[in-house]
Amino acid sequence: MIATVDNVAPKDPVESLKKSISASRLNTWLQCRLKFYFRYVLQITKPKTAALHFGGVLHLVLQAWNMGRWRKQTFEIAKLKDVFDAGWIDQGGIDWEGEEPDQKTLAWAVLEKYFLETPIKANEMPEAVEVPVEADLSKHGLPVLRGILDLVRAGGRIVDFKSTGKTPDNEMALHQNGLQLDCYSVLYREAAGKREAGRELHHLVKTKTPKIIITEARPMLEYQQSRLFRMMENYVEGLERGDFVPSPGMQCAGCEFFNECRKWDGGRHA
């Protein structure tokens, strides 16, 4: 017999996952359904990696910079450095392999490079900063799409910030991040009631000599939305079937669920 609290049955995570979707969930589903199962169904938590911490702190500082322009505040690098230092404090659990001081120095150098070379002018007022948005896609037979628009530039240009250790190829970057950009387009159109003016990927490249690479994309086209919706259909259909199978490949080397995957027996005895 399944134990309950106050006669309330335990929540089925799969049923909840079928009701809503995000770009990150859909990306994980398409990468590897077993990874999705471990992360979102079993909800196995893993310690934060150094790379995630690095990217998270960059995002935190860029958010503060965007909010400052939203509030028409004067750009002060010292205040952003304070945000950076406070955000960098490791709460424990990250394996830095002795490289934390160098990584911290590199992270701030990347941010300084961005502030120096950003195409966004200091007096450009953002249209939106860190806005949570959702789009009801039930008329398409799909779940609610949820997400956060990190930055929408004046005129409706959607910006997504990326930190990477390798200089990106523009065409490949658009292909690899197309799903996320298309999700942002759907969310923006739902919230603003109009078509976006364009999309931009701002890559902060954490090489020894930091670089900033801006990749521009046109507004989402009809075929791109159809492609996205078909991926969402696959997500819903797969969840209904319990289709949690692995996708072995080179990406497994960096997967946090490698050990769990190696022990997976096909899910017949779960």
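A: One aromatic cluster is formed by Trp 29, Phe 36, Tyr 37, Phe 38, Tyr 40, Tyr 235, Phe 244 and Phe 257. The model is predicted, and for this reason local features need pLDDT of at least 70 and side-chain atom pairs count only at pLDDT 80 or more, while totals for chains, interfaces and linings use all residues. Residues are numbered from 1 along each chain as its sequence is written, and side-chain values use heavy atoms, with hydrogens and water left out.

Two rings of Phe, Tyr or Trp (for Trp, the six-membered ring) make a pair if their centres lie within 6.5 Å; planes under 30 degrees apart count as stacked, over 60 as edge-to-face and the rest as tilted. By this rule there are 17 aromatic pairs. One of them joins Trp 29 and Tyr 235: the ring centres are 5.7 Å apart and the planes stand at 75 degrees, so the pair is edge-to-face. Helices (H or I, at least four residues) and strands (E, at least two) are DSSP runs, numbered from the N terminus. In these terms, Trp 29 lies in helix α2 and Tyr 235 in helix α9, 206 residues apart, and the pair thus links distant parts of the chain. Trp 29 and Tyr 235 are both buried, where buried means under 20% relative accessible area, exposed over 50% and partly exposed in between, with a 1.4 Å probe and protein chains only.

Phe 54 belongs to helix α4 and Trp 88 to helix α5, so the pair ties together parts that are 34 residues apart in sequence. Phe 54 and Trp 88 are both buried. Phe 54 also meets a charge: the charged end of Lys 206 sits over its ring, 4.4 Å from the centre. A charge sits over a ring if NZ of Lys or CZ of Arg is within 6 Å of the ring centre and within 35 degrees of the ring normal. Likewise, Lys 81 lies over the face of Trp 108, at 5.6 Å from the ring centre.

The account now turns to helix α3 (residues 33-41). Eight of its nine residues are buried, so α3 is largely enclosed by the rest of the structure. These buried residues are Arg 33, Leu 34, Lys 35, Phe 36, Tyr 37, Phe 38, Tyr 40 and Val 41. They pack against α1 (13-19), α2 (23-31), α9 (222-241) and α10 (258-262), contact being heavy atoms within 4.5 Å.

After α3 comes Gln 43, which lies in the loop between α3 and α4. Most residues other than glycine have a negative phi. The phi of Gln 43, however, is positive, near 55 degrees. With 52% relative accessibility, Gln 43 counts as exposed. Glu 97, in the loop between α5 and α6 (100-117), also has a positive phi, near 55 degrees. Glu 97 counts as exposed, at 64% relative accessibility.

On a 1 Å grid over the protein atoms alone, a cavity is a set of points where a 1.4 Å probe fits but cannot get out; lining residues have an atom within 4 Å of a point. Grid points are joined across faces, edges and corners, and a volume is the space filled by probe spheres set on the points. One cavity of 30 Å³ or more is counted by this rule. The largest cavity holds about 50 Å³ and is lined by His 59, Leu 62, Gln 63, Asn 66, Val 129, Glu 130, Asp 150 and Phe 161. The elements giving two or more residues to this lining are α4 (50-70) and β2 (128-136), and α4 gives the most, with four residues.

Note on methods
1 Å grid on protein atoms, 1.4 Å probe; cavity = no way out; pocket = protein on both sides within 12 Å on 5 of 7 lines; lining within 4 Å.
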